[in-house]
Amino acid sequence: MIELAAAFAVTGAASNAMGTAFQRKAASTSSHSGIRLVAELARRPFWMIGMCGVVGAALFQSLALVNGPLALVQPLFILELPFALLIAAPLMHKRMPRSGWWGVAGCVAGLAVLLMAAAPHGATDQAPLTRWIPALCLCLGGMAAAVLLSGRGHAPARRAALLAAASATGNALTAALLKSASGTFADHGFGAFLRSWQTYGFALAGVAAVILLENALQAGPLVAAQPALTIGDAMVSLALGMTLFGERIRTGWWLVPEAAGALLIVAGVVVLSRAVQHITAVPVAAERRHAET
């Protein structure tokens with residue numbers, strides 16, 4: 001089941017990356033905003049493909065969380081960042097600099113080392129309310145504190161990092177609630193799923209995480225927001241998996257390769273975030289010659 005969960009998680013990361021890339025492609029040629037933008041995009045095939053990718057990602061994430069530990073599934077969604085760049089660059093007629101490929105390699109290698117060393121295990125999908133209450137208080141309190149500390153007047157990089165950390169916490173909380181709700185659906189059916197408070201909890205937490213992410217990307221540079229978002233999601237998910245669902249990772253000397261893998265991921269994310277700012281346009285003529293060859 002661990003292998004199945006990992007496969008679903010990687011597929012979900014790729015699906016979400018595809019959805020994001022196609023939606024940005026559709027929105028990049030529109031001059032409208034608000035409801036008019038949504039109405040226009042709904043008629044565009046690229047936007048519809050993107051929506052299918054987002055819906056597919058949610059489905060694959062649910063399947064992954066039902067079959068495997070939160071501490072395994074959420075870190076694998078780190079792959080969404082390199083997937084998104086690999087898909088979006090040719091789609092938007094852009095060329096990623098060579099350093100971006102090193103960033104991709106760092107993310108993939110670091111994630112492989114971290115997960116092989118940690119070997120997350122445990123697949124319980126329910127937790128008593130006595131565990132949920134402190135987890136919700138800590139997550140929501142941390143998100144509120146990060147938002148307050150990111151008030152206007154601070155450096156853009158600091159604001160972006162704090163808002164991204166709040167969004168990451170929201171993402172991890174959403175995944176934990178989704179895991180519980182998906183387990184209820186798998187065990188007791190759709191009626192029980194609708195009666196579960198976790199179902200409405202993950203919807204609200206997910207919306208809050210998206211809003212915080214948009215503000216983080218607007219507040220400051222991507223190089224400040226992306227590491228906090230990527231690493232924060234993985235770390236909070238690990239903590240929630242262990243405290244809520246009794247998941248475990250290997251400790252002792254295994255902490256050394258785990259730390260090395262985490263550092264590789266951080267380095268890869270930072271390099272990728274910088275590479276995004278140096279993506280160059282591919283001339284249409286050159287692109288056509290390349291396609292012909």
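Mentor: Let's start with the cut-offs for exposure: buried means under 20% relative accessible area, exposed means over 50%, and partly exposed is in between, with a 1.4 Å probe and protein chains only. Bear in mind that this is a predicted model, where local features need pLDDT of at least 70, side-chain atom pairs count only at pLDDT 80 or more, and totals for chains, interfaces and linings use all residues. Residues are numbered from 1 along each chain as its sequence is written, and side-chain values use heavy atoms, with hydrogens and water left out.

Trainee: Fine. What makes phenylalanine 185 count as buried, exposed or partly exposed?

Mentor: Its relative accessibility is 44%, so phenylalanine 185 counts as partly exposed. Phenylalanine 193 has a relative accessible area of 16%, under the 20% limit, so it is buried.

Trainee: And how do you know which kind of aromatic pair phenylalanine 185 and phenylalanine 193 form?

Mentor: Rings of Phe, Tyr and Trp (its six-membered ring) pair if their centres lie within 6.5 Å; planes under 30 degrees apart are stacked, over 60 edge-to-face, and the rest tilted. Here the centres are 5.7 Å apart and the planes are at 75 degrees, so the pair is edge-to-face. By that rule there are 8 aromatic pairs.

Trainee: Why is the pair of phenylalanine 8 and phenylalanine 60 called stacked?

Mentor: The ring centres are 6.3 Å apart, within the 6.5 Å limit, and the planes are at 25 degrees, under 30, so the pair is stacked. Phenylalanine 8 belongs to helix α1 (residues 2-27) and phenylalanine 60 to helix α3 (residues 45-67), so the pair ties together parts 52 residues apart in sequence. Phenylalanine 60 is partly exposed, at 24% relative accessible area.

Trainee: What makes a stretch a helix or a strand here?

Mentor: Both are DSSP runs, numbered from the N terminus: helices are H or I with at least four residues, strands E with at least two. The protein has 13 helices and 2 strands.

Trainee: How do you know how the reach of α3 compares with what is expected?

Mentor: The expected span is 1.5 Å times one less than the number of residues. α3 has 23 residues and reaches 33 Å from its first C-alpha to its last, close to the expected 33 Å. Helix α8 (residues 156-188) has 33 residues and reaches 47 Å, close to its expected 48 Å. Just after α8, glycine 189 takes a positive phi of about 95 degrees.

Trainee: Which residue has a positive phi although it is not a glycine?

Mentor: Alanine 119, at about 45 degrees. Alanine 119 is in the loop between α6 (98-118) and α7 (129-149), and its 29% relative accessibility makes it partly exposed.

Trainee: What makes you say that a charge sits over the ring of phenylalanine 245?

Mentor: The rule is that NZ of Lys or CZ of Arg lies within 6 Å of the ring centre and within 35 degrees of the ring normal. The charged end of lysine 179 is 5.8 Å from the centre of that ring and sits over it. Arginine 250 does likewise over tryptophan 254, with its charged end 3.6 Å from the ring centre. Phe245 also forms one aromatic cluster with Trp132 and Trp197.

Trainee: How do you know whether aspartate 233 has a salt bridge or has none?

Mentor: A salt bridge is a side-chain nitrogen of Lys or Arg within 4 Å of a carboxyl oxygen of Asp or Glu. Lys and Arg count as positive, Asp and Glu as negative, while His and the chain ends are not counted. For aspartate 233 the nearest side chain of opposite charge is lysine 179, 14 Å away, so this buried residue has no salt bridge. Aspartate 233 is found in helix α11 (residues 222-244).

Trainee: Which residues is aspartate 233 in contact with, leaving aside its neighbours within four places in sequence?

Mentor: Contact means heavy atoms within 4.5 Å. With those neighbours left aside, aspartate 233 is in contact with Gln74, Ala168, Asn171, Ala172 and Ala228.

Trainee: Why is serine 237 called buried?

Mentor: Its relative accessibility is 0%, under 20%, so serine 237 is buried. Serine 237 is in helix α11 too. Leaving aside neighbours within four places in sequence, serine 237 is in contact with Leu70, Gln74 and Ala172.
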